[in-house]
Amino acid sequence: MQRHHGAAERAVKQMGISFAVYSEAGNIDRAWPFDIIPRLIAHAEWQQVSLGLAQRTKALNRFINDVYNGQQIFKAGIVPEKLVVDSPNYRPECENVVPKHGAWAHICGTDLVRDHHGRFLVLEDNLRVPSGVSYMIENRELSKRVVPELFANHSVLPVDDYAGQLYKTLVSISPSDRKRPCIVVLTPGIFNSAYFEHAYLAKEMGAELVEGSDLYVGDDDMVYMNTVEGVVRVDVIYRRLNEEFLDPEVFRKDSTLGVPGLMRAWKKGNVGIANAPGAGVADDKAIYAFVPDMIRFYLKEEPLLQSVKTHLCRNAKELAYVQDNIEKLVIKPVNESGGYGLLVGPHSTAAERNRFSKLIQEHPENYIGQPTLSLSTVPTLIGGAIAPRHLDLRPFTLCGADTWVTAGGLTRVALKEGSLVVNSSQGGGSKDTWVVETRP
Amino acid sequence: MLSRVAENIYWMARYLERTESTARLVRSYNHLIMDIPLGSEPPWTVLVDILNAREEFNSVFRRESEKNVHLLLASRPTSTCSIPYAINRVRENLRVTRDVLPDDTWEKVNQLHLFSLDHAESVASRRNRLLFLEQVIDHCQSIVGLIEGAVQRDHAYRFMRVGQLIERADMTARVVDVGAGDILDREGAFGSIDPLLWGALLESLSGTTAYRRQVGPIIEKDSFVDFVFKTDDFPRSIYFCLSEIRRELNHLPVAGPTLTQIDSTRRRLRRFSSQKRERTKLHRFIDGLLQSFIELDEQLQAHWFKKRPRD
């Protein structure tokens, strides 16, 4: 086992799989922490989960489209209008825009966990610039290199068709009917933590990896890129840039990463942007509580995937409950991602609880509380021995003309004993995820 | 291909060539000095002058010693004329264009980078210095070989090749300039070591074998200069470099004005004859050549690397 682990570490170095951590000055690339024991999910179970994911993503897209066009869900009294339009994720600039197929969140990364009943629960939806998919694919490559024998006994669903599916999705939102539309991946640049993934996906799709300065919007409100053969019109931008940096004419004026005029071009329907600006409005931990109701409202269906019970501190009653039970709950800020700024009640000190209690009282609208789940664990190789560690799962759902869900997803595992935080920027690792066909 | 990527690729190749040619030049000069009787050797600072780094040298060091010259050229990553600096630039330019070149390129460049970090300090002693230079040259050649053998002949390759060739022509011109008197033979003091000098310079351009086969075993100023300026089949001659650049640029759109400029430099070279020039006039001719390389670089910037209206 240890020998395999050493082989895996060497392979990671050779393949140059890395991610970057912002705070570590100087040494910006870190090798990817990979655990060689794969995580298994039965195919039959996965089929149910992926139906649930497709359903959820469809409803979220309907919701975003509704919020910017017509706002039926407010009128029906299902989601409070104030909760949405007061959120910093709501972009008035996107009102009355209908992107092709009504699709806003084209790439959705959903974080799932298993609770003590063994059910998959949705922990959060990432609709802005979800990352991690390239690691899902690289993890499979690593497993094939390091433990090829294991594949002999299992029928494992492949994962490397993602880039092709992503390409199809992006083509489907192209405004032009060119047979090979010009698709680019827009990256903030080499210093972004997910640059490796941006380069990977661009390469796999045969698309150009561009930075904001490579693009410009002409007087005709079309988007162009500078190439050695002159300017070329761009049809679809897969942006891996947060939307506040996308267009200094509309959002942050000081952004040098974006493209001035991009929103103009997008609103006129001259370029497809994935994920669409404004999609983040549904990626808010306060909105999360309403997703089951959205599914019932828009699709007239019962949700196939369960969510975690969520207490919105903005409601006085629930605030009181959260304050009384803070040592049992996980407290999350509504607008943060990456596992930053949260409090895990049962693992916290009295001082930390006091600090959060004060924060919540001052700005209740910024916090939610959820019960601490007893998350499932899997065998993981730690210092030469096998030990149980907590984990989650991030499958990716693509949504353009069609909807498609990855087979499995990225499994992240907390390498510290007892820890529930799996983010790679905070010392998490990852595993290959196998959706296996079970013999009848 | 993106203009930004083209520009990065071009500089990657220029700095890779600069790394190798600087190492080669320093190595040859070390060999030369060892051949010359004690007391009559030319100063080490000739190297600094060839690389146009006099100002930088004076800002860092006070004594013009052998050790200081090598510290500047081989050990200081902050000096723009140094080998570690050039290696860093190769790496930084490649880092942002990794997806264009074969994966092994990045690995090999990284190895070179790590090697220079570990060993650049060792150049004070002659033995370690020569070993270091040898290894740097080896690394560079294996990277160039990898690129030659595996890169698709598309625009990326073209800009890489153009960068390599401009840098090469530029270095050849500078090397000849050492012999052009203005740098070395101001008072005619080194007349007696002439053949050794020309031999070492030819060696630094790895042209000894080719020269012997084409011209003969005796290396003299005029035939040397004509050889490295005008030969159309020696890969480090200026004429050859210009012809190759022309061939590569011919595949690109709007190349017209640049090709015309290259043609005029090539005509000047064809008409040139070393015999008719004294050393000072040779120096002026070389200045003209260096100027034309700068103009060529400006043409590349203007036609293919330029940024659109927003800047």
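1. Start with H8 of chain B: with four residues, H8(B) gives the most to the lining of the largest cavity. Helices here are DSSP runs of H or I with at least four residues, strands are runs of E with at least two, and both are numbered from the N terminus. A cavity is a set of points on a 1 Å grid over the protein atoms alone where a 1.4 Å probe fits but cannot get out, and lining residues have an atom within 4 Å of a point.

2. A word on the ground rules: this is a predicted model, where local features need pLDDT of at least 70 and side-chain atom pairs count only at pLDDT 80 or more, while totals for chains, interfaces and linings use all residues. Residues are numbered from 1 along each chain as its sequence is written, chains are lettered from A and ligands numbered from 1 in the order in which they are written, and side-chain values use heavy atoms, with hydrogens and water left out.

3. Back to the cavities. There are five of 30 Å³ or more in the structure, and the largest has a volume of about 130 Å³; a volume is the space filled by probe spheres set on the points, with grid points joined across faces, edges and corners. Helix H1 (3-35), helix H7 (126-150) and helix H8 (155-179) of chain B each give two or more residues to the lining of the largest one. Among the lining residues are B:Leu16, B:Ile147, B:Tyr157 and B:Arg161.

4. B:Tyr157 also turns up elsewhere: B:Arg153 lies over its ring face, 4.0 Å from the ring centre. For such a pair, NZ of Lys or CZ of Arg must be within 6 Å of the ring centre and within 35 degrees of the ring normal. B:Arg129 does likewise over the face of B:Trp44, at 5.8 Å from the ring centre.

5. Now the aromatic rings. Rings of Phe, Tyr and Trp (its six-membered ring) pair if their centres lie within 6.5 Å, and planes under 30 degrees apart count as stacked, over 60 as edge-to-face and the rest as tilted. Over all chains, the count comes to 26 aromatic pairs. One of them joins B:Tyr10 and B:Trp11 edge-to-face, at 5.1 Å centre to centre and 75° between the planes. Ring pairs also link B:Tyr10 and B:Trp11 into a cluster with B:Tyr15, B:Tyr85, B:Phe159, B:Trp304 and B:Phe305. B:Tyr10 is buried, at 0% relative accessible area (buried means under 20%, exposed over 50%, partly exposed in between, with a 1.4 Å probe and protein chains only).

6. Over in chain A, look at helix H7 (residues 195-205). Nine of its 11 residues are buried, so the helix is largely enclosed by the rest of the structure. The buried ones include A:Tyr195, A:His198 and A:Met205. Just after H7(A), A:Gly206 takes a positive phi of about 65°.

7. A:Glu243 sits in the loop between strand S11 (236-239) and helix H8 (262-267) of chain A, and A:Glu243 is buried at 5% relative accessible area. The side chains of A:Glu243 and A:Arg91 are joined by a polar contact of 2.9 Å (a pair of N or O atoms within 3.5 Å; within protein, one must be able to donate a hydrogen and the other to accept it, and residues adjacent in sequence count only if both atoms are side-chain atoms).

How values were computed. On a 1 Å grid over the protein atoms alone, a cavity is a set of points where a 1.4 Å probe fits but cannot get out, and a pocket is an open set with protein on both sides within 12 Å along at least five of seven lines; lining residues have an atom within 4 Å of a point.
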